[in-house]
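Reader: I'd like to go through this one label by label and hear what each label rests on. Can you show it to me first?

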Amino acid sequence: MTVTRIHRLVYIMGFLDLLGVSLILPLILPMVKSLGASHFVAGGVTSIYGAIQLFSSPAMGRWSDIVGRRPVMLVCLVATAISYLVMGASRSLFIIILGRAIAGIFKHSQTICRALLADITSPEERSQVFGTFNAASSIGFIIGPMLGGHISEFEDGFYIVCNLGASFFLVNFVLCWLFIPDARVVQLQSPRKSESKGGSQLLALMKDVDWKIFGDIFLIRFFLSFSSLVYRSNFSLLVAQNFGASPRVIGYLISFQGIISALAGFFTGQVSRFYRDPQQELYHGSILLTLALIGLTAAPSLTLLLFCLIPLCISTAIIRVSGSAVTISRCQSSQIGSVTGFGQSIASVARMVTPLVAGMTQEMSVYGPGMIGALSAGVGAALTGNLHHNTRLKSE
């Protein structure tokens, strides 16, 4: 299979991946709340996923460096399908937690897809390819929330949605099994690295990471990830509480974000070529994210909130591509999977913390998540601006 065909296949897999995720993700918090959980407890249930990914992301990234992307992808896809089947099998809070825990361990298909794309794509074309992949994946967020919102209103709707989501991951499993080349990417030079597991794997990777090279960009990625996640983690509850939105309306709102994200993703390659400097692109994207979160927090109506979602989606699409470009540009080819996995762990820290923070702040004020998100985005923008300024001074 040619490189171009692999690109197209990975785009399709990214679409199906986020289609399956977006079917279920908006329904988890309402389901947990229906079981009697408070905002804080619901946030704790959501945090389990990020907490586990903190350790599993670098392990999966390193594992894919050792044995190749394909076998790790196959394991992740079938295990994620099982996690969704588990969640749909019961109305017990414990079973939902169990399903989220399994997903936290194995839901790394997007990360491995990006590592695979980085393996087979020249540095000059990566921004365009990553942007197209993100756009194709975002299309899943157009269809999934609307479909999931409608199905959830049926009897046993949550069960049907979970099983449907699992089926998309099984389709990706078949596509990967049949068409992704079975090739080992690199052999690690140190046997110590391949033998470490779990927490020791994360600690080993933390020691291996050259923090002088990656420390600043990882810190920036944390603040920017935290800012958008803290707002979005309780989005369905926030919209329902503020504007009385039904699950169907919430599904349409999330699908609208998918439309904007997909359109933005298709143009990120052109944006990157216009800037020709991913650091400056990241800086401007973080400023736009800050302004969007301020607007969303202050929005007095659903119409204005819908309007402010547009710059939120555009900025996150830009940040995702430019952040990956900055990180990968500092990597050696043998580090791409490991560093990408560790970068995902940074996002997992934010994903672990944000539901708890959002739950606590929402109990104090309905504007709490948006205010905290805007503050975090502002810090990320300041750090990015300082990074860009220092880089310019060094180049002069």
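Predicted model: local features only at pLDDT ≥ 70, side-chain atom pairs only at ≥ 80, totals over all residues.

Reader: Which residues of H11 are buried?

Author: Phe235, Ser236, Leu237, Leu238 and Val239. H11 itself covers 235-243.

Reader: What makes H11 stand out in the lining of the second largest cavity?

Author: H11 gives the most to that lining, with 3 residues. Helix H13 also supplies at least two. Among the lining residues are Leu238, Asn242, Phe243, Leu296 and Tyr367.

Reader: How do you know that this space counts as a cavity?

Author: The test is that a 1.4 Å probe fits there but cannot get out. The volume comes to about 60 Å³, and the count of cavities of 30 Å³ or more is 3.

Reader: How many salt bridges does a search of the whole structure find?

Author: The search finds 3.

Reader: Why is the pair Asp17 and Lys107 called a salt bridge?

Author: The rule wants a side-chain nitrogen of Lys or Arg within 4 Å of a carboxyl oxygen of Asp or Glu. Here the N to O distance is 3.0 Å, so the pair passes under that rule. Asp17 is in helix H1 (residues 3-34) and Lys107 in the loop between H4 (93-106) and H5 (109-120), so the bridge ties together parts that are 90 residues apart in sequence.

Reader: Are those two buried or exposed?

Author: Buried: Asp17 has 2% relative accessibility, and Lys107 has 8%.

Reader: What makes Asp65, Arg69 and Asp119 one network?

Author: Take the pairs in turn. Arg69 and Asp65 form a salt bridge with the closest N and O atoms 3.0 Å apart. Asp119 and Arg69 meet in another at 2.6 Å, N to O. Asp119 lies in H5 and Arg69 in H3 (residues 69-88), so that pair ties together parts 50 residues apart in sequence. Salt bridges that share partners join Asp65, Arg69 and Asp119.

Reader: Which residues make the nonpolar surface patch?

Author: Val174, Trp177, Leu178 and Phe179 make it, with about 410 Å². Trp177 lies in helix H7, residues 157-179.

Reader: And how many helices and strands are in the chain?

Author: The chain has 16 helices and 0 strands. Of its 396 residues, 55% count as buried. The chain exposes about 16400 Å², with carbon and sulfur atoms supplying 67% of that.

Technical notes: Residues numbered from 1 in each chain as written. Heavy atoms only, no water. Patch = residues over 30% accessible without salt bridge, like charges linked within 9 Å, V, L, I, M, F, W, Y side chains within 5 Å. Areas by Shrake-Rupley, 256 points an atom, 1.4 Å probe, with all protein chains shown as cover. Helix = DSSP H or I, 4+ residues; strand = E, 2+ residues; numbered from the N terminus. 1 Å grid on protein atoms, 1.4 Å probe; cavity = no way out; pocket = protein on both sides within 12 Å on 5 of 7 lines; lining within 4 Å. Points joined across faces, edges and corners; volume = space filled by probe spheres on them. Buried < 20%, exposed > 50% of the residue type's maximum accessible area, 1.4 Å probe, protein only.
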